[in-house]
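Student: I would like to go through this structure and ask what stands behind each label. Please set the values against the cut-offs as we go.

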Amino acid sequence: MIPALPFVSFIAVGLCVRPLSNKAAGLVATLSIVAAALCAWLVAWEYYRLYPPDAAHPAIVAWSFEWLPYDDGLAVAAGVLLDPIAVLLLVVVTTVSALIHIYSLGYMRGDGGYGRFFTYMNLFTFSMLGLVVAPNIVQMYVCWELVGVSSFLLIGFYYTKPSAVAAAKKAFIVTRFADLGFLVGILLLGYHGYGSFAELSPAIGREAAALGVENLQAFDFHYLTHPEVLARLQAAGAGFMGLSLLTVAMVLVFMGAAGKSAMFPLHIWLPDAMEGPTPVSALIHAATMVVAGVYLVARLMPGFAASGDALMVVMAAGAFTSLFAAVIGTTQDDIKRVLAFSTLSQLGYMMLALGVCSAAHPLGYTASMFHLFTHAFFKALLFLCAGAVIHAVHSNIIWEMGGLARKMPITHATFLAATLAIAGIWPCAGFFSKDEILRAALESGHTVVFATALLVAGLTAFYMFRIYFVAFWGTHRSPQAEHAREAPAVMWVPLVALAAVSVVAGFVPMGSFVSWGEAHGGRHGIDLRIAIPATAIALLGIALAWFFHAGDSARAARAAAALGVLYRTVKRKFYVDEAYLFVTKRLIFPYIARPIAWFDRHAVDGGVNLSGWIARTAGRACRHLQTGQVQTYGVWFVGGMLFVLLVVWAALA
């Protein structure tokens, strides 16, 4: 029912309500998401009433039906899978989406595409919810692609702007390349998993039947993540470069996750996706699309852990992306782009937490999901506050703001709460989830990853308080900032709600609700070995941001000039976009795409055109045999008889 509500609203609003009234379209779309959020909280309550905290939390299939029958013994079901991470994502996605929908009622007021915006938002929410509750990897992939399509529509919402169109195409193309790897990984898992299905399914099916799986299939997560199946895949012959089949399949699946969650080097689409309306940025980059990759890795964690090598890839990609994006975030001037690189960095945090997870040290799993939970709220709040500021000053550039604390006190207070949360300052939510990731890295023996994550924590505090001091402190830097006003109530009420959650969410004992393995070791509390250095480096980052940006702004300019080419390189995002453009425009287009296009036009199309020319020419030659004139037929008849008589005479002679 929860995914059905936004889907029905999408159909109703898009086809019936929007043509009649834009205002009604926004209200219907928002009410449907609020209803879905209430249902999600009810599902969470019922699930944990049946399976209390600190007890076993099984993955149950609450509802399913046969969707795609392929062959005897091979079919794909569509349904609803509930387990701790699915319940967590249901609550997070619907709650954040509901608050963003309410905020959008005010933010998008007067926009020409008001009704169309809410139609797309409902489609996006349905797609994400369908992905979250998928009981098998095929349903997940279908909803995965629907998320990509709906994000394309939302990023390119302002389709009259060339930059928005380019950003939408960039996001769509980059994620399509990544999704190709995901699809190949699915095919490998499905094909080789099905090879053992007849032998293993009776025993696994009996286990799954107790959890509501009536007809176990080869693509079901219950089957693909079973230890027996994973052992068969791991023991299979070398897949590529001496790696096991399981490792190859998991790395390909992670390629899809890296595309959606914008891991380096597939990160280039996310900063440009800021071209969409600010509520879109909040929804896509806080609680939905970008965490889909993290959710995918968590959902297939038994497979990644059984491989080992694939999990190392996850850890390396996450650690590098978190540091890479944090460094870039310290130099950007567009408030939404700073938040975009912050999202990249925090996604890297979540991935590295999953990467350091293992059967012996499973805390990283809980830590990653905990940070996904807290990050969704404070990052959505940061984007919505940025939207309120942009709405007031009509600019994204932080150097055209300033002095907004007096003009926009509610936005200022809520932005400060979110900034403290992401910086990891007690008692805000980020303090607990970030420290749990650091503890997972340290206790699993990955000291380099721990040091990287600790450095990222300091950089995060620096670039977030850089925005805060520049935008809200000091004097007004533009006439628009001088005349800025607080956002209307329909916009600031969601900000206050998210701020409250951003402060208290860290006190949720996540280890009691979400864990992996028999003993997660996820004790909830403060570990002073982690808390003291982490808080110290965060305070150092805040102090540096205050030193360079709260007072004399010339200090920051002098520091940038002193760093010279290093600062310019970081500000240009290490020229990664330029490298992509060089490879595509200078190498792929002229030396690969153009020859293929020539072959297509001249060889493929030429062959088809040649067959058509032969048919036309033969038709012209033969059309004289059927003229419809008796005289012509008489001539051919007499000529044919004379020819036959000539042949007979020649044979007798």
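This is a predicted model: local features need pLDDT of at least 70, side-chain atom pairs count only at pLDDT 80 or more; totals for chains, interfaces and linings use all residues.

Student: What is the volume of the largest pocket, and which residues are the closest to its centre?

Tutor: The volume is about 930 Å³. The lining has 30 residues, and His 57, Pro 58, Ala 59, Trp 516 and Gly 517 are the closest to the centre. Elements that give two or more residues to this lining are α3 (84-107), α7 (197-209), α8 (221-224), α13 (289-299) and α24 (510-513). The most comes from α7, with three residues.

Student: What makes a space a cavity and not a pocket?

Tutor: In a cavity a 1.4 Å probe fits but cannot get out, whereas a pocket is an open set of points. The structure holds four cavities of 30 Å³ or more. The second largest cavity has about 60 Å³ of space.

Student: Which residues line the second largest cavity?

Tutor: The lining consists of His 267, Ile 268, Pro 271, Asp 272, Ile 328, Phe 341, Lys 573, Val 576 and Asp 577. At least two of the lining residues come from each of α11 (269-272) and α28 (576-622). By class, the lining holds five nonpolar residues, one polar and three charged.

Student: Why is Phe 574 called partly exposed?

Tutor: The relative accessible area of Phe 574 is 34%. Buried means under 20% and exposed means over 50%, with partly exposed in between. A value of 34% falls in between, so Phe 574 is partly exposed.

Student: Why is Thr 330 called buried?

Tutor: Thr 330 has a relative accessible area of 16%. The cut-off for buried is under 20%, so Thr 330 counts as buried. Thr 330 is found in the loop between α15 (309-329) and α16 (335-355). Not counting residues up to four places away in sequence, Thr 330 touches Leu 459, Phe 462, Tyr 463 and Arg 466.

Student: And why is Thr 374 called buried?

Tutor: Thr 374 has a relative accessible area of 0%, and the cut-off is under 20%, so Thr 374 is buried. Thr 374 lies in helix α17 (residues 363-393). Its contacts, leaving aside neighbours within four places in sequence, are Ala 429, Ser 433 and Ala 505.

Student: How do you know that these are contacts?

Tutor: A contact means heavy atoms within 4.5 Å. As for Thr 330 and Thr 374, they are 44 residues apart along the chain, and their C-alpha atoms are separated by 22 Å.

Student: What makes β2 a mostly covered strand?

Tutor: In strand β2 (residues 74-82), nine of its nine residues are buried. Leu 74, Val 76, Ala 78, Val 80 and Leu 82 point one way, Ala 75, Ala 77, Gly 79 and Leu 81 point the other way, and all are buried. In a regular strand the side chains alternate between the two faces of the sheet.

Student: How do you know that β1 and β2 pair?

Tutor: Two strands pair if there are at least two bridges between them. Nine bridges join strand β1 (residues 60-71) to β2, so the two strands pair. They run antiparallel. The bridge partner of Glu 66 in β2 is Ala 77.

Student: Where are the cis peptide bonds at Pro 265 and Pro 427?

Tutor: One joins Phe 264 and Pro 265, with omega about 5°, and Pro 265 is found in the loop between α10 and α11. Another joins Trp 426 and Pro 427, with omega about 10°. Pro 427 is found in the loop between α19 (409-423) and α20 (429-443).

Notes: Residues are numbered from 1 along each chain as its sequence is written. Side-chain values use heavy atoms; hydrogens and water are left out. On a 1 Å grid over the protein atoms alone, a cavity is a set of points where a 1.4 Å probe fits but cannot get out, and a pocket is an open set with protein on both sides within 12 Å along at least five of seven lines; lining residues have an atom within 4 Å of a point. Grid points are joined across faces, edges and corners, and a volume is the space filled by probe spheres set on the points. Helices (H or I, at least four residues) and strands (E, at least two) are DSSP runs, numbered from the N terminus. Ala, Val, Leu, Ile, Met, Phe, Trp, Tyr, Cys and Pro count as nonpolar, Asp, Glu, Lys and Arg as charged, and the others, Gly among them, as polar. Buried means under 20% relative accessible area, exposed over 50%, partly exposed in between (1.4 Å probe, protein chains only).
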